[in-house]
Amino acid sequence: MNSIWREIIAVIWKDVISDWRQKNSLLTTFLFSFSVTVALGLTTTKDTVSPTLTAGLLWIAFLFTSITSATRSFLSEEETGTGDLLRVLSSPVSVFVGKCLYHFVLLLLTLCIVTGLFVLFSGVSVKEFGLFFAVLISSSLALSSGIVFCSALASKSSGRFALAGVISIPTLIWILAPGITSLRISFGAPTSGGLESVLAILGMGIAYLALGILLFPHFWKQ
Amino acid sequence: MIIKIFLLLAGTGVTIAYFLTPPAKGFARPDLAKILFFHVPPAMLCSVFFLWGAVMGARYLIRRNIAFDHRSLAAIEIGFILCMLATLTGMIFAKAQWGAFWEWDPRQTSILIQLMIYASYFALRHGFDDRERMRKVSASFAIFAFASVPFLIWALPRIPAIANMSKHAGANQAVIGGGLDSTYRLTFYLSLIVIFLAFSYAYQLRARQSDESYQKELEHERDFDAGTSTGARVVEPVSLHTND
């Protein structure tokens, strides 16, 4: 296999093993997403909620869950001192792509769980499953690549956790507009434009990934 | 000096033209719609300066010449000021035409998000003690942040479900679609050129100021190392020879 893919898989596997061993980061992510979903579910309390409001509330949960989970991608490496090991052992591109892929999968799982719980608590149902999963996949890509890049930028700063959040939120808040549009259509809202919104999110996700691969090596090495 | 006089005269000319043009047709408040002359040019030009900031950031990453970092910062600062002006004048226009300062119109929302993204650039820039790392990270973020600008300006307001919420359709047709009559078109382009020249001059002054303060810092450090600095000595040189 190509050596770069071997390095990418090694980075992914390292994150899987370290998160599985320590479990606190995975637990934090899932508990936070569960708490946010319960809080949002309480606001609706089984009253009939429009697809637009449902999509909006769900997207708030998506955004804050993804920021909580993905910002620790590089911040935890600097906290535990394993960042220098990654610099020595792997190329910058494989580190960045590995981190993005790992957090893409983790975020996709988390968003599926959040949506499942929200559907359970609010009583809303998904009408268009194809569009719904397309939204989740494209959003996970855009959110993971954007937040992982912002986390890498802030990893060596003072106040890194706060700074990573401060730069991630504005960089990704645009996703709410097409995300809510496509999600509410999947919940049955009688509007068009779902596919265009998904394509917009997917396009930006690919752009963030490509830019991250180009720019990351410039500031990753000491 | 000549440039300053020219800009003052040009600015005065645009202001006089603003008062001389008749109220705009087709708007809810025709007399207040003329704020377009001071709203649309900053909205267009802020993206130009953000692009220049990204280009200078890329040049810094390739050449590692600090002058490019200063130019990137200056361009983004000027772009941020223009973005703020566009947001504020847009709010005045919204209140006059649509009855509320904020309507969550797609273009209003886009410019607000742009403002937030570049505000976070400044937060990022001040978060590092190591200046070289700060420059590399800032340059990378300047390029990364600009990726969202074409999306926010062109793509997002055109997504069908979002475009339906837009209140800008008529104004877009008037300004970009050739709906302005000749007097308005002349005043609009004059305003665009004058604002561009004024802020380009401000950009050059800012970049030069950064270069000069960096040079002063370097000279101070050189003087301190050579022992010719007039600053208070913290560490006194010690002779290694003892007089036995």
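A residue is called buried here when its relative accessible area is under 20%, exposed when that value is over 50%, and partly exposed in between (1.4 Å probe, protein chains only). Thr181(A) counts as buried because its relative accessibility is 5%. This is a predicted model, in which local features need pLDDT of at least 70 and side-chain atom pairs count only at pLDDT 80 or more, while totals for chains, interfaces and linings use all residues. Residues are numbered from 1 along each chain as its sequence is written, chains are lettered from A and ligands numbered from 1 in the order in which they are written, and side-chain values use heavy atoms, with hydrogens and water left out.

Thr181(A) is a handy place to start looking. It sits in helix 9 of chain A, helices being DSSP runs of H or I with at least four residues, strands runs of E with at least two, both numbered from the N terminus. Leaving aside residues up to four places away in sequence, Thr181(A) touches Ser197(A), Ala161(B) and Ile162(B), where a contact means heavy atoms within 4.5 Å.

Now for the interface as a whole. Chain A brings 32 residues to the contact and chain B brings 26 residues. About 2600 Å² is buried between chain A and chain B, with carbon and sulfur atoms giving 77% of that area; buried area is the accessible area (1.4 Å probe) that two parts lose on being put together, summed over both. Leu153(A), Pro170(A) and His218(A) supply 20% of what chain A buries against chain B, more than any other three residues. On the side of chain A that touches chain B, the elements giving two or more residues are helix 7 (129-154), helix 8 (160-172), helix 9 (176-186) and helix 10 (194-220). Helix 10 of chain A has the largest share of that side, with 10 residues.

What about charges at this interface? Over all chains, though, a search of the whole structure turns up 14 salt bridges.

One of these joins the side chains of Glu79(A) and Arg160(A), at 2.6 Å from N to O. This pair links distant parts of the chain, with Glu79(A) in helix 4 (residues 72-80) and Arg160(A) in helix 8 of chain A, 81 residues apart. Arg160(A) is partly exposed, at 21% relative accessibility. Another salt bridge, between Arg87(A) and Asp84(A), spans 3.0 Å from N to O. Both residues lie in helix 5 (residues 83-89) of chain A, 3 residues apart, or about one turn of the helix. Arg87(A) is buried at 6% relative accessibility, whereas Asp84(A) is partly exposed at 42%. Chain A also has a network of salt bridges that links Lys14(A), Asp15(A), Glu77(A) and Lys99(A).

In chain B, the closest N and O atoms of the salt bridge between Arg125(B) and Asp69(B) are 2.7 Å apart. Arg125(B) lies in helix 4 (residues 106-125) of chain B and Asp69(B) in helix 3 (residues 66-98), so the pair ties together parts 56 residues apart in sequence. Both Arg125(B) and Asp69(B) are buried.

As for its overall makeup, chain B has 9 helices and 0 strands. Of its 244 residues, 47% count as buried.

Key:
A salt bridge is a side-chain nitrogen of Lys or Arg within 4 Å of a carboxyl oxygen of Asp or Glu.
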